[in-house]
Structures are given as C-alpha cells and as structure tokens.
Amino acid sequence: SSPPAGIDSWLSLAPVDPDEEVQGEIHLEVRVPEQGHPRVLRCHLIGARDLAPRDPSGTSDPFARVSCCGHTQETAVIKKTRFPHWDEVLEFELAEGELGDTVLSVEVWDWDIVGKNDFLGRVELPLDASSPTKGWFQLLPFPSSTEEPGGRLGSLRLTVRLVEDKVLPHHYYQPLIQLLAEPICCPGQPPAGTALAILEEVTSGESRQDVATKLVKVFLAQGLAVPFLDYLITRELARTTDPNTLFRSNSLASKSMEQFMKVVGLPYLHEVLKPMVNRIFEEKKYVELDPCKMELSRGRRVQGHGSLSEAQVRESSLELLQSYLGDIVDAIVGSVEKCPLLMRVAFKQLRRRVEEQFPSAQHEVGATAGPGGPHTAGTRPSPELCPPGQEVRYFSISGFLFLRFFAPAVLTPKLFSLREQHADPRTGRTLLLLAK
C-alpha cells in the first residue's frame, strides 16, 4: 500500500501543568504475605532513573512518598541526582479481610528547602497476594483535574506532508551532469544554447535559489565549482554596463556564489563570527541610535545608571557598537589564512574577470545594496567611504564576502547555524545595527 500522504487538520490546544510533565522510571518490589496476623505489606524502594530535572543545577533532590490503606511514609532525600538509589523498605499493616480494591500509591517528589516540593511522577499498583511485584515502572502524571478543554483555549492548524525522494544509483545521473557541465568542459560552443544558459533564462524568484543550491552541489561533487562560477560570472559581466549595479540583482550567478560560500565557507564563518555572536547574545546590552525608538527608562534599567538622557544612550550605544564592530572586523581581517582555499581561488578568478570587463581603475563605485543585502537596502555610503579611483574589482568581492556572507550571518545567526534560536528583539536590534 502507498505510504500516508500526511495530515492537514485543526488540533485543539489543551492546558499543560508543568508538574504533569514527568519522565523516568522507578524500581520497586512489593510483597504481600498470603497469611499472618497482622498482614504486613513490604514495599522495597530500590531506586529511580532519568527523573525530570527540577532544580537550576539540572538535577533534583528526589524522595519517594508511599501511601496504602490510609497511611503514608517517605524515604530519605537523595541530593542532586536524577538517578537516586534509596534501597529502603517501608512496611504497611493491612486491614482485616480481603484486599479487594486496595491500591499502593508511590509518588516521587523533588525536595525544596524553600517553597513547595516539585512533583516528579507517580505509579499506582493494585495489590495482589498471589505473587510478588518487582520491576521498573514508568512514572506518570496526576490525572488532569480540569475538564476536556473542547477547543476553548484555541486551536492550531497543523499540516504534515510526507515527501518521498527516490535516489537512483550514480550512473543514472551522468547524462544530466555531462549536459550541465558541457559548456564548462567544452567552452567552444555557442553559449546561448547550453543547458546552463537555458536554466538561467527560465528560473526566477524562489526557484532560482533552489536551482543555484542544486547546481553548486553538483559542480562541487564534480570538482568543477570554480569553473562553474566563472562561467556564470562571465555571462553576468557581459550583461553589465554600470559597475555600480554589478552583482546586485539576485541572478543565478549571484545566488550560486552565495550558496557556494555557504557550503564551502560555513566552518570558516563559525570560527570567525561565533565568539562575537555568542558574546552579543549573552551580554544583552541595550543599543539604540534612533531617537524615535529610544526607551530611556529601559536603557537606564538595563545599563544600571541613574537618569540617562538621549545623548547618553546614544553615546553608550555608539561605544558598544564600535567595540563589537571593531572586534568583528579584527576577527575577519585576521582570518585570511583560515579562509578556505576554494573560496580564495573563486574570488581570485572573480577579480580577474572584473578587471577584464572594467579595465580602467577610474570607476568610482557606490555600494548600493540590492536584494542580497536587505539590511542595507536603499543606502549609499558617504563619499569618504568610496574614494575616487576605488577599483571595482575589490567591490565585486566585498559585495559577496560582506553583503552576502558576513553581514547576513551577523543579522540572522540562526540561518547560518551560529545560534539555535532567533534573537530576542533587543539583541536583534543590536545585530541589525551591526549588520548595517
């Protein structure tokens, strides 16, 4: 039968009590004598494992509470462990007559010196005199005391799709790979009719990103990534007359170089940026330069000063941004030898092609950002940042290395696996200002 295609439905939300979120197992042995006067139930609490951590230290201080026939007893508290070993026997005198519906209840709690103890789970065992009960039992939450919510807390629509990819043996793909690599391996052909040229014409929008990602992986596997990029860049240069717009659009050449850097340069990016990104996330400093967005009371609370004026917040923010940015730039500039060889070869070839297309050193280039740099869109540096005679060959490299590699990673570290979660609003604002 065919596999399920997935689900698409509304699911009702239910309340969650943190005390009900339990885990782990408890090791018990319960013996009920068949005769004797009085009959004494012996509950041997051996230990527990994989209990939920309830303390800030990531552990718990567990003890067990056992109840039977209206009586309750407790074990000793074992400090700072999720795997306690009690090895205690608790005894309960049973009432006269049949056991009937008598149940032994065992609860595990985390002992707290201040405040109430935290629930870690429970197990209920019906008593049966025919044989001893021994083994590991899963700890369960208390039964919910609330009624079924019936959607009163709202609903979540969830769509799950199962996608099946069939991967054939490598030789099945060789004709396609040869077709794609033909203009690179045999450069004498008319460029307009090649498979790559046709792909470039028919892809647009989001599909261009997907096509670039797949092509980069294919050519990397063939050892032809740099010639592939060179082919696309040469075609892009042939279409460009104004150096100010070079590689600013999301062309197949731009997206392919972007994906190439992400695949080849991700470990390098982590080594260069991760220490500073972690520091910014951990320090959580308040940084703001826009007077319309300043929250002076918040700045005062975060920085721990007295009454702060707008100028003081701005001065403090500038000092922090300069400190962060200085360390980031130092890390990048000092990382030349760590930059992957393949990236350096690709940029060397890029520079050569740009020099061929724009041989004059008199091109004065502005750094207007395009879609590749949303954080700088619509900005143009002041003239002192782009002195006359600045060579377009270096701007073409920095347009990729900074606008499409380092700056986006600073802006959204999660997309480059630098952090597991997106930044909170305060940290996100700091990262945005740094990226700009």
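Q: What makes the span of helix H7 (residues 310-333) close to the expected one?
A: H7 has 24 residues and reaches 34 Å from its first C-alpha to its last. The expected span is 1.5 Å times one less than the number of residues. For H7 that expectation is 34 Å, and the span is close to it. Helices here are DSSP runs of H or I with at least four residues, strands are runs of E with at least two, and both are numbered from the N terminus. The model is predicted, so local features need pLDDT of at least 70 and side-chain atom pairs need 80 or more, while totals for chains, interfaces and linings use all residues. Residues are numbered from 1 along each chain as its sequence is written, and side-chain values use heavy atoms, without hydrogens or water.

Q: Which residues of H7 are called buried?
A: They are Val313, Ser317, Leu320, Leu321, Tyr324, Ile328 and Ile332. Buried means under 20% relative accessible area, exposed means over 50%, and partly exposed lies in between (1.4 Å probe, protein chains only). An α-helix has 3.6 residues a turn, so residues three or four places apart point the same way.

Q: What share of the protein counts as buried?
A: Buried residues make up 39% of the 436 residues. The protein has 10 helices and 10 strands.

Q: Why are helices H5 and H8 called roughly antiparallel?
A: The axes of H5 (residues 252-283) and H8 (residues 341-357) cross at roughly 155 degrees and come within 10 Å. Axes are lines fitted to C-alpha atoms, for helices over the stretch in contact, with angles from 0 to 180 degrees between N-to-C directions. Angles over 145 count as roughly antiparallel, under 35 as roughly parallel, 65 to 115 as roughly perpendicular and the rest as oblique. H5 and H8 are therefore roughly antiparallel.

Q: Which residues of H5 and H8 meet?
A: H5 brings Met257, Phe260, Met261, Val264 and Gly265. H8 brings Leu342, Met343, Ala346, Phe347 and Leu350. The residues of this contact divide into nine nonpolar, one polar and no charged. Ala, Val, Leu, Ile, Met, Phe, Trp, Tyr, Cys and Pro count as nonpolar, Asp, Glu, Lys and Arg as charged, and the others, Gly among them, as polar. Contact means heavy atoms within 4.5 Å.

Q: How do you know whether lysine 80 is buried or exposed?
A: Lysine 80 has 59% relative accessibility, so it counts as exposed. Lysine 80 sits in the loop between strand E5 (71-74) and strand E6 (85-93). Its phi is near 50 degrees, a positive value in a residue other than glycine.

Q: Which residues does aspartate 8 contact, leaving aside neighbours within four places in sequence?
A: They are Arg157, Leu158, Thr159 and Arg161. Aspartate 8 is in strand E1 (residues 6-12). At 37% relative accessibility, aspartate 8 counts as partly exposed.
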